Amino acid sequence: MELLELFKYDFIVRALFTGLLVAMTCSLLGIFLVLKRLSLIGDGLAHITFGGVALGLLTKNDPFYIALPFSVLSSLGILKLTHKSKIYGDAAIGIISAAGIAGGVIVSHMAGGFNIDIFSYLFGNILAISKSDMYISVILSVVVCGLILIYLDDLFSMAFDEELAKITGIDTVKLNYVLSMLTAITVVMSMRVVGIMLVSALLILPSVSALQIFHSYRKVSLFSIIFSVTSVLTGITISFVYNLPSGATIVMVNFLIFLCCLMIKYLESLKTK
Amino acid sequence: MINQEVYRVQSLSVRYPGNEVFAGLNFSIYQGDFLAIVGPNGSGKSTLIKTLLNLLPFSGKIFLYGISVKDFKDWHKIGYIPQRFSYFNPIFPASVKEVVQMGIAKSITSNKNILIERALSLVEMLPLKDKPLSNLSGGQQQRALIARALVNNPELLILDEPTVALDPEIRESFFNILVRMNREEGKTIILVTHDIGYVGKYASKLMYFDRNIIFYGTFNDFCKSESMKDYFGYRTQHLICHMDHNHIKGD
């Protein structure tokens, strides 16, 4: 099949366009999560999202609209637990995510199990994305990317050192809440692309790859987006042509890019020796 | 003439769960002071500094330039170098210039490059401005952070053990910069250190702190103080006060 023939199919165009938006959003946000050593928050919120999806399926509502507030409120809960109860961040993520997934399993059990729907949320199926899903992705991507770009310098400053950021007049408390909510929104938005189980890969891998070879935060931001978009577009194309699961294929392409970056870093270190 | 009050601290207490770090502190710091806060490890010096910057919860009152520190907004007037260099993320993707740029106060919108280059020149880091921070030695990274603290040309500099990772030569030149900023430009400097002997060469005032203010005054008063003689013992006080300071205290 000619590659250009792919664009004859509406569902492929929708998948590629939505994938592009999700890739940009995840990679831009992921840099701050990685630098703030909060990489696992995506995983934790994804587990919570599972609870929201299960509740949505049980109540016959669109799981997206139930999972979104579920995830946003939980992200704020994680922050509150960390700040007010002096619980370590990773422990707070563990507690909330365990509660979320346990809730999801109980709801699934009460419903007598779900049909194949739940698998498309767990492992992603971007090729099945609807027009309304695409429109929601556009709105959420604009909101998330727009806020990140507005606060880009402040976010980097905070990721570098929160106390120093505060001394330069940055409201780090507010910014942490913004970052937390944006993460929750992005996780829910990404679940149709790579699935709940793999969403954290889309948040972490592109920025970690870029961090291997670039040492300026603007270059890291740019190449993190390039790696992410490349992996999503390539992954969707491969998954369609070879009939493979789209979410897993995207993550594997991301992983290959990461290995290439590691290789480049290693070769560069040989040159400087 | 009494200089303007930079800090006024009233009944200041800080408590961690199950542990009172200090309680009931009262003191003032004036414009143009070069105050060295010295004391043993674990005496609460860094906690005191962070509290003065509103980075830790406290009870009591702290006024910075006459405004409660909780409501203070003119952070461009303050330069701060934290102690905990070990927390610094060594893989953070930033060049020296970008690190200094991050320190520019939000209220400053023009001439940023001039400010950055001036700050880097002060710590002799201008030739390394495009180098990634992760490729520098510990001492060079510390100098980049010092440049970051100086970039806004602050009126008040607060430094918590700033010279730990520096070579003796760079340390000497850094202290000379501080002395010049203090004496020629009238900047207020608060320096936390455990090196009580060394700092006598530069500071105009000394606060000996060990979970309480044991002494607060000029270095010469410290050397003459009978209570300090009792506290440290004659020999130790003599050693502290007769190191090769070559200084004349401003009294």
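**Entry 1: A:L21**

I looked up what A:L21 touches beyond its neighbours within four places in sequence, and found contacts with A:S137, A:V138 and A:S141. Two residues are in contact if their C-beta atoms, placed from the backbone, lie within 7 Å. The model is a predicted one, in which local features need pLDDT of at least 70, side-chain atom pairs count only at pLDDT 80 or more, and totals for chains, interfaces and linings use all residues. Residues are numbered from 1 along each chain as its sequence is written, and chains are lettered from A and ligands numbered from 1 in the order in which they are written.

A:L21 sits in helix α1 (residues 10-35) of chain A. Helices (H or I, at least four residues) and strands (E, at least two) are DSSP runs, numbered from the N terminus.

Is A:L21 buried or exposed? I noted it as buried, because 23 other C-beta atoms lie within 10 Å. The cut-offs are 20 or more for buried, 12 or fewer for exposed, and partly exposed in between, with C-beta atoms placed from the backbone.

I also checked A:G195: it lies 174 residues from A:L21 in sequence and 16 Å away in space, C-alpha to C-alpha.

**Entry 2: α1(A) and α11(A)**

I then took the helix pair α1(A) and α11(A), which pack at about 150° with axes 8 Å apart. Axes are lines fitted to C-alpha atoms, for helices over the stretch in contact, and angles run from 0 to 180 degrees between N-to-C directions. The angle makes α1(A) roughly antiparallel to α11(A); under 35 degrees counts as roughly parallel, over 145 as roughly antiparallel, 65 to 115 as roughly perpendicular and the rest as oblique.

Ala, Val, Leu, Ile, Met, Phe, Trp, Tyr, Cys and Pro count as nonpolar, Asp, Glu, Lys and Arg as charged, and the others, Gly among them, as polar.

**Entry 3: chain A against chain B**

I found 16 residues of chain A in contact with 20 residues of chain B. On the chain A side, α7 (152-160), α8 (162-167) and α11 (217-241) each give two or more residues. α8(A) gives the most, with four residues. That side has nine nonpolar, five polar and two charged residues.

**Entry 4: sheet in chain B**

I traced an open sheet of six strands in chain B, in the order β6-β7-β8-β3-β9-β10, with mixed pairing. Strands pair if DSSP finds at least two bridges between them. The edge strands are β6 (78-81) and β10 (213-218) of chain B.
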